[in-house]
Amino acid sequence: MSPTVFALVLASATIHVCWNALGKRSGDKVAFALATLLVSTIVLAPAFVARRLMSPGPWTGEGLVCGVLSGLFEALYFALLFSAYHHVDLSVAYPLSRGVAPVFALVAGGLLLHEWVALPEGVAVATILVGVGAVSLSVRRSDGEGRIGLGMLFAVATGAMIAGYHVVDRRAMTLAAKPDSLEFMFLKHVFIVLFLSAFLWLRGNGVKQRLAGEWRRSPTTGLAVGVMTPLAYFLILLALTRGNVTYVSAGRNIGIVLSTLVGKLLLGETVRGWRWLGVALILAGIAGLVFLGAH
């Protein structure tokens, strides 16, 4: 992973952790996700129109299919992530979901994109995953109703969805007729909103009522997250045009370190010894990826 790719990933992770911390404090978490994604889509719309008028990027059938699939995977990502937040702390759900994503990305990226990693980089990725395992060991299964176990299951499923949209987006960004990154992100957001709206509708209780209720609860937070979400992922799309999908997915685990600090310092969550060990291993693995990418 080159220093440029790492800089993009680090900036994205910082923004990403900030909006996750805000989302953790929301009431109806899935409705909050949909409300902020609506804001994101509205924010992106003028830029999309301007780009199509002035310097439109190429679009192919495969590019459109990638946009639909990526939107589906990311809609499921939001639904599963915020379901995990119902059961476990930010400093548990975030590390676990981000940490297992490189495993899924390594397999899917290798089989579908033929992007296998070299042995030294593989060792660095493995170090990151051991760190994620240490973070997971820090969770005490003390809840009699199994809420922690269910939350961790949701987090692992979230990681699979992260790998899914990473692989699809990497494919889109490496097409011969590559769609413009900003246009692709707008299209993707449209489909995320459609799929997440369908998810809320299937769960009942009224989509409009849930959206309105969550928006009234904290409109400023909704606006802030609505701007941060596309900005964070636009940086990842730029990284995916330059780097192997497994390296980018693994590098995003720098967010685990940031989320642990945010959970400890700002949200008052308990962070124990195993979790700090995991954080150190994750940092070591990411440092290895950056060092190997620079030489």
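Reader: Is E183 buried or exposed?
Author: Happy to start there, and keep in mind that this is a predicted model. E183 lies in helix α7. A residue counts as buried when its relative accessible area is under 20%. The relative accessible area of E183 is 0%, so E183 is buried.

Reader: Which residues does E183 touch, not counting residues up to four places away in sequence?
Author: Good next step, since E183 is buried. Leaving out residues up to four places away in sequence, the residues that E183 touches are F48, R51, R52, S55, P56, G57 and W59.

Reader: With which side chain does the side chain of E183 make a polar contact?
Author: W59 is among the residues that E183 touches. A polar contact needs a pair of N or O atoms within 3.5 Å. At 2.9 Å, the partner of the E183 side chain is the side chain of W59.

Reader: How do α2 and α7 run, roughly parallel or roughly antiparallel?
Author: Here is a handy idea: two packed helices are described by the angle between their axes and the distance between the axes. For helix α7 (residues 181-203) and α2, the axes are 8 Å apart and the angle is about 150 degrees. Angles over 145 degrees count as roughly antiparallel. Therefore α2 is, relative to α7, roughly antiparallel.

Reader: How many nonpolar residues does the contact of α2 with α7 have?
Author: In this pair, α2 passes α7 in a left-handed crossing. The contact has four polar and four charged residues, and its nonpolar residues number 19.

Reader: Is α2 oblique or roughly perpendicular to α3?
Author: Helix α2 (residues 29-54) and helix α3 (residues 61-85) have axes that come within 8 Å and cross at roughly 140 degrees. Roughly perpendicular covers 65 to 115 degrees, and roughly antiparallel begins over 145. That is why α2 is, relative to α3, oblique.

Reader: Which residues in α3 do K29, V30, F32, A33 and L37 meet?
Author: These five come from α2, which passes α3 in a right-handed crossing. The residues in this contact divide into eight nonpolar, one charged and no polar.

Reader: How many helices does the secondary structure of the protein come to?
Author: Let's step back to the whole chain. Along the sequence, the pattern is α-α-α-α-α-α-α-α-α-α-α-α. There are zero strands, and the helices come to twelve.

Definitions and conventions:
Residues are numbered from 1 along each chain as its sequence is written. This is a predicted model: local features need pLDDT of at least 70, side-chain atom pairs count only at pLDDT 80 or more; totals for chains, interfaces and linings use all residues. Side-chain values use heavy atoms; hydrogens and water are left out. Axes are lines fitted to C-alpha atoms, for helices over the stretch in contact, and angles run from 0 to 180 degrees between N-to-C directions. Helices (H or I, at least four residues) and strands (E, at least two) are DSSP runs, numbered from the N terminus. Angles under 35 degrees count as roughly parallel, over 145 as roughly antiparallel, 65 to 115 as roughly perpendicular and the rest as oblique. A crossing is left-handed if the near helix is turned anticlockwise from the far one by less than a right angle, and right-handed if clockwise. Contact means heavy atoms within 4.5 Å. Ala, Val, Leu, Ile, Met, Phe, Trp, Tyr, Cys and Pro count as nonpolar, Asp, Glu, Lys and Arg as charged, and the others, Gly among them, as polar. Buried means under 20% relative accessible area, exposed over 50%, partly exposed in between (1.4 Å probe, protein chains only). A polar contact is a pair of N or O atoms within 3.5 Å; within protein, one must be able to donate a hydrogen and the other to accept it, and residues adjacent in sequence count only if both atoms are side-chain atoms.
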